[in-house]
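Please read each point with the structure in view.

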Amino acid sequence: MTVHLPLWSRFEPVDLNEHELALQRQVREFLERELPRGSFTPGLGMNGAADPGFSTRLAERGWLGMALPRRYGGGDRSVVERFVVVEELLRWGAPVGHHWIADRQSGPVINRFGTEEQKVRFLPAICRGEIAFSIGMSEPDSGSDLASVRTRARRVDGGWLVNGTKVWTTGAHRNDWFIVLCRTGEDQERHRGLSQLIVDLRGDGVRVRGIPFLDGSADFNEVVLTDVFVPDDLVLGEVGDGWAQSTSELAYERGGPERWLSTYIVVEQFLRERQARESVALSEAEAQLLGEAVARWWSLRHLSLAVARRLDAGQDAAVEAALVKEMGTRFEQDVLAALERLIDLEPSPQSASLFERLLVTSVLTAPSYTLRGGTTEILRSVVTKGLTP
């Protein structure tokens, strides 16, 4: 008989050990030296700017590809150690955009499912911060139904011809590759007949069009694939196993600190500028906002850290990661809404106040928080199924 433990029992109480705390101090010292406050415009969590030079400096410290095998340029380090580094980078608003997707999920997915040739080709370059990846899952008119993808790859001599459209493809206008989920079979069962291909974003037949925010900036993209040839040696994993592989890839997206740190720096900057401007104590409303935010941040951090510990122990954490993502991204929006209720301000993107500029950016991007990596409804479904005997 299978015993189904209550979900909360899977989140063991955790904290950082002395080795991990020492690593945390190293990252903080590095950031204070390399990116002193006031010398750059901080990003909102994983939406930080793309700076290949900064990514290279991280790679030189061994802070890219940390959990990948050493023989491919990685660090053979733990998931928790990577958690420590990522938490500090996001808390600081560091420009992580160039390496983010490759380091977080493309590298681990290639390491898990790729051929030896693919690992040798891509993983060392990812660990050096030399190449950047995007995600090729979502499609127009599909909503959150990933199994409804219509992008199709047709078998030809030596490879596949791919036709279709992907949307919400972050960074496709500047990145090098993306892993595309597409149909390679005719199976009537929607979760079968799917495969993953590694596609050159700069190749023939690939057209990238920006999807602008209200301010005209565009980090999301639509990618149209027209008779794009992908050789057999760029099929990732087994043909027909794309559904299982892509859902495995989503697990890399959902449980990390990027799911609850996007609006952290907005609140931090609000308090920093308020303190510089006023010497009086926090008002009751401000103290309540800060207290509630810190309490929820700390709880989410411990849940997220528990997911990392489970992964290091070789345990499955897909359901736990989905729960962290659902709670974390709702919190990111909640804390922003609470901050907007607290202040009487029409923020301007041209303001001299960094807080105002960050607030403008967060208002524009916050609606995407509960969409990217799986909608709230999908995540609740994942958690519910994981709890059902």
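1. In which strand does R183 lie? R183 belongs to strand β4, which covers residues 177–183. It should be kept in mind throughout that the model is predicted. The relative accessible area of R183 is 11%, and this residue is therefore buried, since the buried class takes in values under 20%. The side chain of R183 reaches the backbone oxygen of V149 at a distance of 3.1 Å. Leaving aside residues up to four places away in sequence, R183 touches A147, V149, T151, R152, A153, R190, R192, G193 and L194.

2. Along the principal axes, the C-alpha trace spans about 75 × 55 × 40 Å. Of the 389 residues, 53% count as buried.

3. The contacts of the chain deserve a remark of their own. Among contacts between residues at least 6 apart in sequence, 75% join residues that are at least 24 apart. As for the surface, the chain exposes about 17,800 Å², and carbon and sulfur atoms supply 52% of this area.

4. S353 and E273 are 80 residues apart in sequence, while their C-alpha atoms are 8.2 Å apart in space. S353 is found in the loop between α9 (318–342) and α10 (354–365). With a relative accessible area of 16%, S353 is buried.

5. The loop between β3 (159–166) and β4 contains T169, and W168 lies in the loop between β3 and β4 as well. Is T169 buried or exposed? T169 has 0% relative accessibility and so counts as buried. Residues up to four places away in sequence set aside, T169 touches S134, I135, F178, D219, F220, N221 and V223. W168, by contrast, counts as partly exposed because its relative accessibility is 48%, a value that falls between the limits of 20% and 50%.

6. The backbone angle phi calls for attention at two residues. Most residues other than glycine have a negative phi. W168 has a phi near 55 degrees, a positive value in a residue other than glycine. D227 is not a glycine either, and its phi is positive at about 50 degrees. D227 is placed in strand β7, residues 220–231. At 45% relative accessibility, D227 counts as partly exposed.

7. Where is A59 found? A59 is part of helix α2, which comprises residues 52–60. Its relative accessibility is 17%, so A59 counts as buried. Apart from residues up to four places away in sequence, A59 touches L64, C127, R128 and G129. The C-alpha atoms of A59 and I126 are separated by 9.0 Å, and the two residues are 67 residues apart along the chain.

8. Two further pairs show how separation along the sequence and separation in space may be read side by side. Q288, in helix α8 (residues 284–312), is 50 residues from A338 in sequence, and their C-alpha atoms are 10.0 Å apart. Q315 is found in the loop between α8 and α9. Q315 and W298 are 17 residues apart in sequence, with 23 Å between their C-alpha atoms. Q288 counts as partly exposed at 46% relative accessibility, and Q315 counts as partly exposed at 40%.

Definitions and conventions: Residues are numbered from 1 along each chain as its sequence is written. This is a predicted model: local features need pLDDT of at least 70, side-chain atom pairs count only at pLDDT 80 or more; totals for chains, interfaces and linings use all residues. Side-chain values use heavy atoms; hydrogens and water are left out. Helices (H or I, at least four residues) and strands (E, at least two) are DSSP runs, numbered from the N terminus. Buried means under 20% relative accessible area, exposed over 50%, partly exposed in between (1.4 Å probe, protein chains only). A polar contact is a pair of N or O atoms within 3.5 Å; within protein, one must be able to donate a hydrogen and the other to accept it, and residues adjacent in sequence count only if both atoms are side-chain atoms. Contact means heavy atoms within 4.5 Å. Accessible areas come from the Shrake-Rupley method with a 1.4 Å probe; for residues, only the protein chains shown count as cover.
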